[in-house]
Amino acid sequence: MSTELKKALYNISALADLGQAITSEDDFHEKIQSVFYVITGTFLVNKGAILFYEKANDKLTILTQKGFDLADLDLVNPAELKSLVKNEPRLIQDSPVAVAGAEILVSLWVRNEFIGALLLGGKLTVGPYTPEELELLNVIANQIAITLNNHTLFMELSDKLAENRRLYEEMRHIYHGTLQAFAAAIDAKDAYTQNHSYRVARYSAAIARELGWNEHEIEGMYVAGYLHDVGKLAISNDLLNKVTPFTPAERAEIRKHSTLSHDITVKIKFPWKNVEDMVWHHHERLDGSGYPDALAQDSLSEGVRILTLADSFDAMTSKRPYRKRMDVQSAIGELRKCLESQFDNKILLVFCKVLEKEIKGNLPEPDILPHLDSDSDLSVISSLLEAIIKELSAP
Ligand SMILES: [Fe+2]
Ligand SMILES: [Fe+2]
């Protein structure tokens, strides 16, 4: 075999090894380590290093090395490297690192971006680096530079992603804070319904979760619960807090609140679907006797059905100007009684299942139980829930 052919084969096998190392699925540091082994093995050197340029700090960090004292590698100067020809191996004698045993210095670049450096010591075999070896090193240097650059791009992208995620979380936090302020404003108007919006939000979200809705949909349900009575902000305080029965005109005025809730929320660009529809129809009934549109059955979405039940349950178990609060089992009995006319079988079944799980301690963060009358007899409630679950689960 001719010497030329031997050299060509030698170069091809070195590049094949390098290609394998670079395109492996290893993590970045393992990949660089493999590339480094290929280079030091191919050229048989006892010293070498791959350095990475940190643009933000204008300094080089060691990715991998062998044979050097770490302090010696500190002598490699980014400014000096930037002045060298891109990716071209340079034999050095006059650099401080030459004293530490480096013979070859390559300044690594991708297009006009300085990426880092490759250093190699003298070969263990006899003789200096040949022009062919320097040519091969030039090809290898280009490959390493691209690998380092890809890593930088990937890291920048990850940083950006993390930053976006952080900003999104911050925005969500502010958003929820604003919603809470809104809900507090609604509930503050009506002395008897303090925290009503908050409880309805939690009950509704708990039912949606049990129904298997995804996290985004549950959040939308929660927001609809929070804002369902936002229209009450436009109703007079005196009317909302009236102790004596309403006149027909007053009742009509109060009933405007669900349409007002719609008119307010429809102007907000929510990231969730149907919030304005859910708040609009939270006083509709399955038999079509509700308001404002007397919608029935198929016209009522699952979200509306959830909100209707959660709202009514909290209204019944809270004190109102015109009546005392109802005990929990009577309120559940009332929901059961109003199936078909007012509430949906499936929603009541799911509501009962959630509350039963909470009473049994099977849900780590209960949404309903903590807000119920603490004097309630949980065993009585539990038996009632079990009876309804059995009845509604029957085919
Ligand atoms: Fe309402
Ligand atoms: Fe309400």
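These questions and answers go through a predicted model.

Student: Which residues touch the most other members of the largest nonpolar core?

Tutor: Helices such as α6, α7, α12 and α14 are among those that each supply at least two residues of this core. The core has 45 residues. Those touching the most other members are Ile 207, Leu 309 and Phe 351.

Student: How many residues are in the other core, the one with Val 45 and Ala 49?

Tutor: This core lies apart from the largest one. Its members include Val 45, Ala 49, Ile 50 and Leu 51. The number of residues is 33.

Student: Are α13 and α15 roughly parallel or roughly antiparallel?

Tutor: The axes of the two helices come within 9 Å and cross at roughly 15°. Angles under 35 degrees count as roughly parallel. Therefore α13 and α15 are roughly parallel.

Student: How many nonpolar residues are in the contact of α13 with α15?

Tutor: On the α13 side are Val 328, Gln 329, Ile 332 and Arg 336, which meet Val 380, Ile 381, Leu 384 and Ile 388 in α15. One residue of this contact is polar and 1 is charged. The nonpolar count is 6.

Student: Is Glu 340 buried or exposed?

Tutor: Glu 340 sits in the loop between α13 and α14, and its phi is positive, about 75°, although it is not a glycine. Within 10 Å there are 11 other C-beta atoms. A residue with 12 or fewer counts as exposed, so Glu 340 is exposed.

Student: Which residue is joined to Pro 292 by a cis peptide bond?

Tutor: Pro 292 is placed in the loop between α11 and α12. The omega of the cis bond is about 10°. The residue joined to Pro 292 is Tyr 291.

Key. Residues are numbered from 1 along each chain as its sequence is written. Chains are lettered from A and ligands numbered from 1 in the order in which they are written. This is a predicted model: local features need pLDDT of at least 70, side-chain atom pairs count only at pLDDT 80 or more; totals for chains, interfaces and linings use all residues. A nonpolar core is a set of buried Ala, Val, Leu, Ile, Met, Phe, Trp, Tyr and Cys residues joined through C-beta atoms within 7 Å. A residue is buried if 20 or more other C-beta atoms lie within 10 Å of its own, exposed if 12 or fewer, and partly exposed in between; C-beta atoms are placed from the backbone. Helices (H or I, at least four residues) and strands (E, at least two) are DSSP runs, numbered from the N terminus. Axes are lines fitted to C-alpha atoms, for helices over the stretch in contact, and angles run from 0 to 180 degrees between N-to-C directions. Angles under 35 degrees count as roughly parallel, over 145 as roughly antiparallel, 65 to 115 as roughly perpendicular and the rest as oblique. Two residues are in contact if their C-beta atoms, placed from the backbone, lie within 7 Å. Ala, Val, Leu, Ile, Met, Phe, Trp, Tyr, Cys and Pro count as nonpolar, Asp, Glu, Lys and Arg as charged, and the others, Gly among them, as polar.
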